[in-house]
Amino acid sequence: MSIFSLTLRRDLLLVIREPAQGMAVLAFFVMAASLFPIGVGPESALLRRIAPGIIWVAALLAVLLGLPRLFEADFLDGTLEQMVVGPVSLGLLVLGKIVAHWLSTGVPIVLLSPLLAIQFSLDRDSLLVMVGSLLPGTLLLSLIGAIGSALTLGLRNSGVLVTVLVLPLYVPVLVFGAGALEADLAGMDAAAHLYLLVALLALALFFAPWVTAAALRIALE
Amino acid sequence: MNRWLHFASPQRFYPLAGRLMPWLVVSAALLALAGLAIGLLIAPSDAQQGEGYRIIFVHVPASWMSMFIYLVMAFWAGVGLVLNTRLSSMMAQALAPTGAMFALLSLLTGALWGKPMWGAWWVWDARLTSELILLFLYLGFIALYSSIEDPSRADRASAVLALVGAVNVPIIYFSVKWWSTLHQGASVSLTRSPSMAVTMLWGMGIMVLAFWAYAIAVALARVRCIILEREARAEWVKYAVE
Amino acid sequence: MFQLNVRGLSCQRAENILFSGISFALEGGAWLHVKGRNGAGKSTLLRTLAGLVRPASGVVTFSGRLGPAVRRVLCGHQAAVKRELSAEENLRVGIPGDSPASAAQVQAALTKVGLGKAASVPARYLSEGQKRRLVLARLLLQCADLWLLDEPVNGLDSDGVELLGLFLREHLANGGAAVVTSHQPLPVAVGKSLAL
């Protein structure tokens with residue numbers, strides 16, 4: 001079995017053993033998005049207009065909130081050090097961890113998002129576009145976030161710092177992700193946005209694991 | 001090549017930077033005076049925008065510098081990461097605050113220009129928005145650098161961040177442009193050039209040179225401080241400070 | 001049979017030079033006892049040999065090559081044991097490696113270190129000493145040529161120390177090598193020694 005799938009299975013096993021942390025991220029996602037109707041009022045036309053932005057920003061912040069789980073526990077108990085010393089490709093190992101993180105954070109967010117779509121009175125077609133943009137989008141967020149998470153590993157203020165490092169890099173994801181949904185709501189074709197999102201994803205899949213691996217080596221030195 | 005490597009050691013670079021600085025400071029001041037004189041006094045007033053447009057003599061060069069310095073910073077950071085030359089990393093660290101300052105200057109002058117043009121201090125125009133994100137990238141770099149106590153780790157971690165940022169700058173720029181055309185936002189672009197007069201180009205060119213000289217002078221001054229800080233235990237520093 | 005060669009190694013932490021000009025050679029079947037006061041850089045030396053820390057100067061070669069030509073294993077201060085997993089799972093999947101041990105091998109290793117009955121106990125319920133024994137079991141399973149052991153005696157009872165000595169002797173007899181930091185003498189034939 002390859003190191004990628006071994007790592008993936010290991011991290012998923014760990015998530016299953018302690019599911020509480022993952023649940024908190026999901027709760028945050030739903031709660032944060034639910035605050036907006038309370039803040040701006042229940043007018044459904046307005047809510048429909050701002051829904052893409054709100055759902056996407058909530059998803060983005062939820063992924064960001066879950067980032068510390070990616071490496072911190074392994075860093076603190078010393079297993080990360082063992083992984084770096086080990087005779088395996090660290091890039092593939094990191095990719096396994098990122099995909100596991102996405103499966104336990106991003107995918108549940110995507111699965112929950114139709115609930116929010118109902119709250120914001122989106123119709124069924126838009127719902128499809130929303131899920132179609134969130135699915136690659138959250139993986140992209142995890143990939144980019146992993147770099148920031150590795151760079152700030154073990155620092156005293158890593159929680160805030162990772163936000164400051166990663167948020168500007170999240171801008172294109174937000175533009176294309178929320179843009180897809182918005183274009184669809186405006187009656188335009190969302191395909192161009194989705195293609196760009198997937199192109200970015202391909203780029204990040206190729207580079208982010210190696211950059212993250214390099215950052216981990218720096219952090220552990 | 002060897003001549004350049006000769007100055008790659010902080011010990012040799014320190015006095016060289018010290019000798020260069022006064023020249024750069026003086027030329028920055030003279031060029032800025034000349035550029036502002038052309039921009040504010042000699043250049044003709046704009047047919048549509050009147051006198052308000054004159055802020056571009058600061059705004060446009062500042063935006064250019066903020067973008068360019070980020071690339072230079074990422075370049076030095078990358079050199080430091082690959083070749084393990086301490087001076088390159090110090091250079092990157094010294095450039096960051098200057099770049100952030102230019103980004104801020106560009107945003108402030110943009111706001112000042114926006115008020116008479118659009119009637120609002122801030123408009124979510126593509127250029128202003130990407131400038132704002134560039135400022136965030138600078139702040140991230142500075143924040144990461146100053147959060148890591150071990151200088152070697154700080155150098156290398158922030159170098160990775162700078163390189164990732166540099167790869168992302170064009171993507172961010174493109175995405176923000178895409179975003180603003182989708183939303184049909186501001187119709188007046190900040191750098192729309194209604195057939196610029198030759199004197200305007202001269203003024204802007206000279207201002208760019210002035211900012212260049214200023215940026216290099218400030219970066220060198222900062223590099224000298226960083227060298228003293230980091231090499232505080234080295235024997236030569238004692239003589240250099242005396 | 002492999003050879004570890006260290007020439008003119010020096011390491012720096014922040015601005016402090018920890019040690020400089022360290023040179024030694026170690027071939028399969030021999031071990032090196034690294035001694036020194038606290039803060040002398042013993043752990044850093046091991047982490048440098050493990051490839052985690054880049055030396056400020058000097059070279060480390062394995063059988064004449066710079067890269068990870070030999071399998072190294074580092075046992076640091078942290079046990080690297082996942083609390084959520086059982087003792088058995090920790091050995092099987094705790095640290096993703098290129099050749100995961102089979103269930104039988106894992107059970108054999110656990111029995112050897114006296115954890116045979118605790119195989120399915122979640123690691124959070126293991127005592128500190130039991131965790132150190134788990135680390136010993138992992139050492140056996142990793143089949144490395146070079147063992148880098150940082151204070152391996154810490155947390156072990158006298159039986160555990162005997163066990164460590166036994167494993168170390170077997171490892172050396174099989175042509176392996178080890179670099180060990182320890183304040184206490186180990187129950188192994190005296191090897192080379194290096195004072196930092």
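Contact means heavy atoms within 4.5 Å. This is a predicted model: local features need pLDDT of at least 70, side-chain atom pairs count only at pLDDT 80 or more, and totals for chains, interfaces and linings use all residues. Residues are numbered from 1 along each chain as its sequence is written, chains are lettered from A in the order in which they are written, and side-chain values use heavy atoms, with hydrogens and water left out.

**A:Arg10**

A:Arg10 sits in helix α1 of chain A; helices are DSSP runs (H or I, at least four residues) and strands likewise (E, at least two), numbered from the N terminus. A:Arg10 is buried, with a relative accessible area of 2%. Buried means under 20% relative accessible area, with a 1.4 Å probe and protein chains only. Leaving aside neighbours within four places in sequence, the contacts of A:Arg10 include A:Asp74, A:Thr79, C:Lys82 and C:Val93. With A:Asp74 there is a side-chain polar contact of 3.1 Å. A polar contact is a pair of N or O atoms within 3.5 Å; within protein, one must be able to donate a hydrogen and the other to accept it, and residues adjacent in sequence count only if both atoms are side-chain atoms.

**Two interfaces**

Chain C is divided into domain 1 (1-71 + 146-196) and domain 2 (80-143), with bounds from an automatic or database domain assignment. Their centres, taken over C-alpha atoms, are 23 Å apart. The table gives buried area, the accessible area (1.4 Å probe) that two parts lose on being put together, summed over both.

| Interface | Buried area | Share on carbon and sulfur |
|---|---|---|
| Chain A and chain C | about 2300 Å² | 55% |
| Domain 1 and domain 2 of chain C | about 1100 Å² | 61% |

The contact between the chains takes 25 residues from chain A and 27 residues from chain C. A:Gln82, A:Val85 and A:Glu221 supply 28% of the area that chain A buries against chain C, more than any other three residues.

Six salt bridges are counted between chain A and chain C. A salt bridge is a side-chain nitrogen of Lys or Arg within 4 Å of a carboxyl oxygen of Asp or Glu. C:Glu89 and A:Arg17 form a salt bridge at 2.7 Å, N to O. On the side of chain A that touches chain C, α1(A) gives the most, with seven residues.

Between the domains of chain C, 13 residues of domain 1 are in contact with twelve residues of domain 2. Two salt bridges cross there. C:Glu170 and C:Lys112 meet in a salt bridge at 4.0 Å, N to O. α5(C) gives the most to the side of domain 1 that touches domain 2, with six residues.

Conventions:
Buried < 20%, exposed > 50% of the residue type's maximum accessible area, 1.4 Å probe, protein only.
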